[in-house]
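Welcome! Please take a moment to look over the sequence and the 3D view before reading on.

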Amino acid sequence: MTQKNRLSGGQIGRDTTLKFTFDGKQYQGHQGDTLASALLANNVRLMGRSFKYHRPRGPLTAGSEEPNAIVELRGGARQEPNTRATTAELYNGLTAKSQNRWPSLAFDAMAINDRFSNFLTAGFYYKTFMWPAAFWEKLYEPIIRKAAGLGSLSMKPDPDAYDKGFRHCDLLVIGAGPAGLMAALTAGRAGKEVILADEDFRMGGRLNSETLHIDDAPATDWAAQSVAELSALPNVRLMPRTTVIGAFDHGIYGAVERVSDHLHTPDPGKPRQTLWRIYAPRTLLCAGATERPIAFDNNDRPGVMLASAIRSYANRWAATPAQRIAVFTNNDDGHRTAQDLLAKGVKIAAVVDTRPDAPRADAYEVLRGAQVIDTKGRLGLTFAEVKLADGTLRTIECGALGVSGGWNPNVHLTCHQRGRPTWDDSLAAFVPGGTLPPGMSVAGAAIGALSTHGALTTGAAAAKKALGLKGRTPATPKAEDAPVSQTPFWYVEGCSRAWLDQQNDVTVKDVKLSHQEGFRSVEHLKRYTTLGMATDQGKTSNMGGLAIMAELAGKAIPEVGTTIFRPPYTPTAIGAFAGRIRGMEFHPTRLTPSHYWAKERGAVFVEVGNWLRAQWFPIEGETHWRESVDREVTATRNSVGVCDCTTLGKIDVQGTDAAAFLNKLYCNGFAKLAVGKTRYGLMLREDGIAMDDGTAARLEEDHFVVTTTTANAARVYQHMEFVRQCLFPDMDVQLISTTEGWAQYAVAGPNSRKLLQKVVDPAFDISNEGFPFMACANITICGGLRARLFRISFSGELAFEIAVPSRYGDALMRKLMSEGAEFDVTPYGTEALGVMRIEKGHAAGNELNGTTTALNLGMGRMVSKAKDSIGSKLSERPGLNEADALIQVGVKPVDPSKAITAGGHLMAETGPVNAAHDQGYITSAAYSPSLGHMIGLGFLKNGAERLGERMRLVSPVTRLTVEVEIASAHFVDPEGERLRA
Amino acid sequence: MHDLSPLTPLGGTAPQIDTVADLTCTEQCDLALASVAARLGQEKACAAALQKLLGAAPPVAGKAHLAAPYSAVWAGPDQWMLGADFATHEDIAAQLKAALKDTASITEQTDAWCCFDLSGEGIAAVMELLCPVNMRALASGDATRTTIHHLGCFVICGDPNGFVRILGPRASAGSLHHAILTAMRSAL
């Protein structure tokens with residue numbers, strides 16, 4: 001029968017029927033239902049199996065504190081495990097599956113665990129799976145994990161997008177129940193920027209679940225009117241479906257908005273969820289309270305629920321778990337459930353009230369001074385066993401049992417910065433206390449004001465106080481103000497398999513065992529029994545566990561203390577933390593000015609930091625990257641090649657002390673560098689280790705352009721700013737990065753000058769005499785475009801670097817290609833660049849690896865003794881200057897057909913191969929098309945004196961052993977004739 | 001006149017314009033930029049020269065001076081980014097040098113940045129997905145540096161309800177543009 005347990009009334013859209021499936025079976029619900037309310041309306045109580053014992057379970061609650069009704073939502077790549085049916089908003093086409101059962105929910109083979117519960121008590125695996133030790137990881141743990149699992153992952157990439165965002169307000173109100181709504185109204189009417197966030201899709205909190213009145217109108221109407229008023233205020237932002245998951249430093253709150261979870265699939269371009277960072281100088285926590293259960297044997301059968309949850313289902317969702325319901329309570333609230341159910345036509349089997357002086361009722365039977373001691377029913381509740389006040393037993397037939405043990409204020413967010421709640425004797429509950437997160441105050445049930453009147457008045461007053469609003473507090477609407485009398489009643493005497501933590505299957509017996517075995521501190525109790533360690537963080541279980549531990553230890557509950565609540569308040573999808581930062585959007589990409597041209601040429605790109613650089617440019621017929629790279633090297637060395645070197649860091653250094661500043665920064669001298677000249681410079685760290693190298697070009701007396709390696713561009717700039725601001729604040733020097741402002745191309749090879757002469761305006765003489773090696777100048781090209789020209793060479797050839805404003809970079813590259821056609825100009829990528837610099841013996845990142853000094857790099861004499869520069873003193877440390885220090889050398893294989901690989905170590909020709917006999921290591925290796933065999937650069941002890949020596953290059957990792965000869969690092973043109981040509 | 005054709009930061013020959021709902025994102029290419037940093041000991045002279053140039057005191061931290069021909073944004077202590085129309089100020093660095101002389105170091109920054117103008121409805125909703133700047137509290141002439149999609153950017157508020165300019169690193173124009181459009185499609 002369709003929706004057999006659907007009642008009248010409620011806040012659901014009966015005009016809209018929504019179809020959904022649970023475990024493959026079709027059901028119907030309505031707009032405004034949750035999955036749990038719709039299933040209850042369809043007479044489905046059994047929604048899951050428990051974690052450890054695979055006991056049948058149904059919903060305990062109607063909210064985010066739910067421990068039992070945990071399902072897998074959706075299918076395919078969108079399948080999401082461990083989702084609470086009590087908060088999953090129903091939509092047309094929703095599919096849900098129960099989890100942690102096999103083969104089916106009704107018959108679960110793993111329920112055998114329940115029969116062996118005596119062996120599976122708290123800590124059983126610590127005691128059982130002791131031997132042999134090696135079995136733990138390989139055998140025991142996988143089996144336990146498989147048996148005690150929750151849901152399963154789809155193992156597919158999440159197809160949905162997640163956003164991150166930032167919001168600011170004067171007052172953040174967390175929770176839109178009576179206190180939160182009243183606070184938001186108070187602040188909003190005063191014109192303050194207010195954010196009101198609530199995890200529910202319908203604001204109003206408990207007002208939507210009760211039959212109370214505010215100002216003589218139904219409380220739900222007051223809530224709806226308040227929400228309407230707030231949504232009309234431009235300074236108030238309502239954030240339904242938004243869970244504030246954590247209170248972080250400096251008034252920053254994390255909040256997850258479930259933007260599209262109530263839809264079948266997110267609308268195009270819209271995120272599934274958004275993780276908001278809310279900046280709030282003042283926060284008002286109005287998180288309400290959670291009803292607490294009472295522990296008795298078999299209190300986990302589907303149908304045993306919190307009394308307030310049954311009330312919510314009946315009043316808000318017009319659904320009931322059964323047609324005949326009993327209530328077990330220690331306070332007046334349980335009676336409310338009975339009255340509301342009666343009004344909806346549900347039969348009340350009895351109200352079992354532990355208090356001998358419980359109020360009487362005409363409409364239903366009240367069993368005063370009685371207790372429910374056990375339940376029966378295979379896959380759901382059928383009978384409750386009641387022990388009457390006189391000790392006799394009575395069996396009550398009922399399909400559901402509402403349990404009320406009083407209310408616990410939701411203090412969680414007050415504890416996220418290690419605050420500890422304090423015990424309130426009058427409520428027999430913990431309330432916010434101690435040090436709250438700065439700027440936070442608490443109102444409503446969350447602070448123990450459990451009546452509607454209390455919530456409204458504390459909400460208004462707290463908002464007024466938090467914002468320092470002047471004037472009289474406006475009158476709050478009239479509402480019930482029932483006195484609260486909560487006498488503690490945590491569990492039924494003599495019970496054993498009475499569930500405290502239903503999600504982690506922790507019973508009263510487990511807590512007793514923990515105490516018996518000496519795990520008595522509350523933190524030990526938590527870890528030993530796993531009480532409160534499930535995804536619900538023990539929202540319905542912690543208090544019970546603490547109370548029992550306190551009793552066993554002969555202490556008061558506050559003496560036992562509480563464990564720490566941590567963010568997130570409720571389970572949060574990892575995707576929400578990642579936001580858009582995944583896949584190709586993991587980091588921004590930097591494109592060189594010649595990128596689009598290179599792409600047209602079919603370049604193969606490589607990521608260098610965030611840059612995409614052309615690695616090589618394959619041409620038709622080339623099937624292997626080496627063919628392309630060898631061709632590019634040969635063509636450049638024989639005629640002319642062009643490479644985009646924009647990515648090298650460029651830092652503009654200006655000021656009257658610019659030269660003096662660089663003199664401090666670089667270990668070699670810069671003070672006397674002439675205008676129009678460029679110099680290679682080496683920067684040391686304070687500790688004397690080489691940091692970065694590059695060139696500095698003096699364009700004017702007070703103007704240099706410094707280049708850095710691509711990888712270190714930001715770090716060097718940061719270092720230079722530190723030096724400028726902190727070490728030499730008295731120097732007149734100004735710095736700014738211009739890396740991206742200029743497209744810079746290396747034009748290298750014997751025909752490079754001829755090519756450039758076709759581009760550079762005739763007014764500028766770039767002959768060897770007019771523009772010698774290491775010259776630099778501001779010039780114009782192509783008929784007047786401002787440009788910079790540097791005669792520097794990384795390849796070892798006659799070479800220039802030419803720079804133009806980035807927007808013209810693409811056009812310049814195309815121009816160089818067309819003008820260079822007569823020289824067979826060849827674009828080359830980073831691989832050919834690397835090969836040529838290894839052939840020339842130029843150090844790069846592999847050599848400047850954070851352990852090497854100028855001495856190691858063969859540039860010891862560059863460190864000027866005539867001046868003080870950063871790192872120069874510490875580079876003189878004896879440990880860095882030993883006689884057999886590592887010196888950069890070249891290596892080549894004795895047999896030219898053999899390979900050389902970077903990372904290998906140099907050992908003597910004979911003798912042991914181990915760390916004690918290590919002579920050095922290879923940092924860079926490449927096939928040299930110029931020489932016809934592989935070559936390498938590396939560091940060798942006393943290397944300068946060992947040219948011609950034969951050694952073994954060994955790499956135990958790659959099982960390489962090659963006989964090599966130590967050579968000069970300058971394999972090509974060691975005299976430097978080409979670059980000065 | 002040289003014969004090299006420029007490309008926009010997004011790699012086109014004309015600025016890209018995208019509209020989502022009632023908000024338009026325009027790739028702004030008619031913008032010349034230069035940094036101005038006062039020389040040591042010349043801070044007052046530099047500020048005075050700037051005042052003469054701008055017709056107003058140079059902007060303080062968090063502020064921009066929005067005017068023609070020159071606009072200015074505070075970029076650091078005694079440092080500003082000046083902007084003008086590219087068509088008339090391609091040589092902005094030289095023009096500024098002539099005006100400020102040796103009171104400041106001036107560096108051309110025109111092509112170091114890309115610029116996206118957001119105009120229309122829904123700016124605050126888009127910006128709150130991009131950066132921690134509180135758009136709802138910004139007024140015309142407010143400017144700040146922030147990060148958008150890991151990129152260091154300037155956000156300059158022309159009209160909190162109608163116009164915002166974002167300057168970001170030129171080489172990452174594609175990534176920045178993608179982030180802005182993604183936020184527009186998400187928020188609007």
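This is a predicted model: local features need pLDDT of at least 70, side-chain atom pairs count only at pLDDT 80 or more; totals for chains, interfaces and linings use all residues.

The report below starts with the whole of one chain and then turns to its parts and its partner.

## The overall picture of chain A

Chain A holds 21 helices and 52 strands. Its radius of gyration is 38 Å, well over the 30 Å that the globule rule gives for 981 residues, so chain A is more spread out than a compact globule. Along the principal axes, the C-alpha atoms of chain A fill a box of roughly 115 × 70 × 55 Å.

How much of chain A counts as buried? The share is 55% of its 981 residues. Contacts can also be sorted by how far apart the partners sit in the sequence. If we take the contacts in chain A between residues at least 6 apart in sequence, 66% of them join residues at least 24 apart.

## Domains of chain A

## Strand 10 and its two partners

Let us zoom in on strand 10 of chain A, which covers residues 194-197. Which way do its side chains go? A:Val194 and A:Leu196 point one way, while A:Ile195 and A:Ala197 point the other way, and all are buried.

Strand 10 of chain A runs parallel to strand 9 (residues 171-174) of chain A, and 4 bridges join the two. Here A:Leu172 has A:Ile195 as its bridge partner. Strand 9, helix 5 (residues 178-189) and strand 10 of chain A together make a right-handed β-α-β unit. Strand 10 of chain A also pairs in the parallel sense with strand 13 (residues 236-239) of chain A, over 4 bridges. In that pairing, A:Ala197 has A:Met239 as its bridge partner.

As background, strands of a sheet pair through backbone hydrogen bonds, either parallel or antiparallel. In chain A, 4 strands form an open sheet with mixed pairing, in the order 8-16-15-14. Strand 8 (162-168) and strand 14 (242-248) of chain A stand at the edges with a single partner strand each, so one side of each is left without a neighbour in the sheet. On average, neighbouring strands of this sheet are turned by 20 degrees against each other, direction ignored.

Strand 15 (residues 252-257) and strand 16 (residues 273-279) of chain A pair in the antiparallel sense over 6 bridges.

Is helix 17 (residues 658-665) of chain A mostly covered or mostly uncovered? It is mostly covered, as 7 of its 8 residues are buried. These are A:Ala658, A:Ala659, A:Phe661, A:Leu662, A:Asn663, A:Lys664 and A:Leu665. Among the elements covering them are strand 37 (649-654), strand 38 (678-684), strand 39 (690-700), strand 40 (703-708) and helix 18 (713-727) of chain A.

Helix 20 (residues 809-819) of chain A has A:Gly809, A:Asp810, A:Ala811, A:Leu812, A:Met813 and A:Leu816 as its buried residues. Their cover includes helix 15 (595-600), strand 36 (641-644), strand 42 (742-748), helix 19 (752-757) and strand 45 (799-805) of chain A.

Chain B is divided into domain 1 (17-29 + 111-187) and domain 2 (32-110). The C-alpha centres of these two domains of chain B lie 23 Å apart. Their contact takes 11 residues from domain 1 of chain B and 10 residues from domain 2 of chain B. On the domain 1 side, strand 9 (143-148) and strand 10 (151-159) of chain B are the elements that give two or more residues.

Where the chains meet, the contact takes 39 residues from chain B and 37 residues from chain A. On the chain B side, strand 3 (32-38), strand 7 (104-108), helix 4 (123-130) and helix 5 (173-187) of chain B each supply at least two residues. Helix 5 of chain B gives the most to that side, with 5 residues.

Notes: Residues are numbered from 1 along each chain as its sequence is written. Chains are lettered from A and ligands numbered from 1 in the order in which they are written. The radius of gyration is taken over C-alpha atoms; the globule rule is 2.2 Å times the number of residues to the power 0.38. A residue is buried if 20 or more other C-beta atoms lie within 10 Å of its own, exposed if 12 or fewer, and partly exposed in between; C-beta atoms are placed from the backbone. Two residues are in contact if their C-beta atoms, placed from the backbone, lie within 7 Å. Two strands pair if DSSP finds at least two bridges between them. A crossover is right-handed if, with the strands pointing away from the viewer, the path from the first strand over the helix to the second runs clockwise. Axes are lines fitted to C-alpha atoms, for helices over the stretch in contact, and angles run from 0 to 180 degrees between N-to-C directions. Domain bounds come from an automatic or database domain assignment.
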